Amino acid sequence: MGSREGSVETYLRLALLRLGAYQRKFVSPGTRGVFDRIVGYKGSVFFIEIKSLDGKLSTKQEREKKKLDDQNLNWFVLYSIKDVDSFIRILKCIV
C-alpha cells in the first residue's frame with residue numbers, strides 16, 4: 001500500500017473510531033483480492049477498499065466486488081479523504 005493509501009486508511013480508521021463504528025482490517029489467508037476493511041455500524045455491514053487517486057481495482061478485486069454485488073452486500077472504494085468524509089456522512093444517516 002502506498003503512503004497516500006496509508007494516510008487515507010489512517011484517516012478512515014480514526015473517523016470510524018470517533019463515530020463508534022465496528023471496524024477490522026480484513027485479511028483472508030489464501031484468498032487474494034478481498035477488500036481492505038470491514039465496517040459495521042447500526043446493523044449494516046460495509047466492505048471498504050482503499051485506493052490511491054489513480055488506483056484501479058485488480059482483476060481479483062473486481063471478481064470479489066461481483067461476489068459482493070451478487071449477495072447484495074454494501075461496498076465502497078475510497079480514493080481520498082473527501083471520499084472518507086462522504087462515507088462517514090452516509091453512515092451518519094443510518095438510523
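Me: A residue counts as exposed when its relative accessible area is over 50%. Looking at this predicted model, why is arginine 18 called exposed?

Reply: Arginine 18 has a relative accessibility of 62%. The cut-off is over 50%, so arginine 18 falls in the exposed class. Its place in the fold is helix H1, residues 3-19.

Me: What makes arginine 18 part of a charged patch, and which residues gather with it?

Reply: Arg18 gathers on the surface with Lys82, Arg89 and Lys92, and the patch carries positive charge. Helix H3, residues 81-92, gives the largest share of the positive patch, 3 residues.

Me: Happy with that. How do you know that glutamate 9 and arginine 37 form a salt bridge?

Reply: The closest N and O atoms of glutamate 9 and arginine 37 are 2.9 Å apart. The limit is 4 Å between a side-chain nitrogen of Lys or Arg and a carboxyl oxygen of Asp or Glu, so the pair qualifies as a salt bridge. In general, side chains of opposite charge can pair when their charged atoms come close.

Me: And what does that pair tie together?

Reply: Glutamate 9 sits in helix H1 while arginine 37 sits in strand S2, so the bridge links parts that are 28 residues apart in sequence.

Me: Are the two partners buried or exposed, and how do you know?

Reply: Glutamate 9 has a relative accessible area of 8%, and arginine 37 also comes out at 8%. Buried means under 20%, so glutamate 9 is buried and arginine 37 is buried.

Me: How many salt bridges does a search of the whole structure find, and which can you show me in helix H2?

Reply: The search gives 5. One of them joins lysine 65 to glutamate 62, with the closest N and O atoms 3.3 Å apart. These two are 3 residues apart in helix H2, residues 59-70, so about one helical turn separates them. Another joins lysine 66 to aspartate 70 at 3.0 Å between the closest N and O atoms. Lysine 66 and aspartate 70 are 4 residues apart in helix H2, about one turn of the helix.

Me: Why do glutamate 62 and aspartate 70 get the labels they have?

Reply: Partly exposed runs between the buried limit of under 20% and the exposed limit of over 50%. Glutamate 62 is at 36%, so it is partly exposed. Aspartate 70 is at 51%, so it counts as exposed.

Me: What about tyrosine 11: where is it found, and why does it get its accessibility class?

Reply: Tyrosine 11 is in helix H1.

Me: Last one: what makes up the largest nonpolar core?

Reply: It has 17 residues, and those with the most contacts inside it are Leu12, Leu16, Val39, Ile48, Phe87 and Leu91. Two or more residues each come from H1, strand S2 (37-41), strand S3 (44-50) and H3. H1 gives the largest share of this core, 5 residues.

Key: Residues are numbered from 1 along each chain as its sequence is written. This is a predicted model: local features need pLDDT of at least 70, side-chain atom pairs count only at pLDDT 80 or more; totals for chains, interfaces and linings use all residues. Side-chain values use heavy atoms; hydrogens and water are left out. Patches are made of residues with over 30% relative accessible area and no salt bridge: like charges are joined within 9 Å, nonpolar side chains (Val, Leu, Ile, Met, Phe, Trp, Tyr) within 5 Å. Accessible areas come from the Shrake-Rupley method with a 1.4 Å probe; for residues, only the protein chains shown count as cover. Lys and Arg count as positive and Asp and Glu as negative; His and the chain ends are not counted. The place of a charge is taken as NZ of Lys, CZ of Arg, CG of Asp or CD of Glu. Buried means under 20% relative accessible area, exposed over 50%, partly exposed in between (1.4 Å probe, protein chains only). A nonpolar core is a set of buried Ala, Val, Leu, Ile, Met, Phe, Trp, Tyr and Cys residues joined through side-chain atoms within 4.5 Å.
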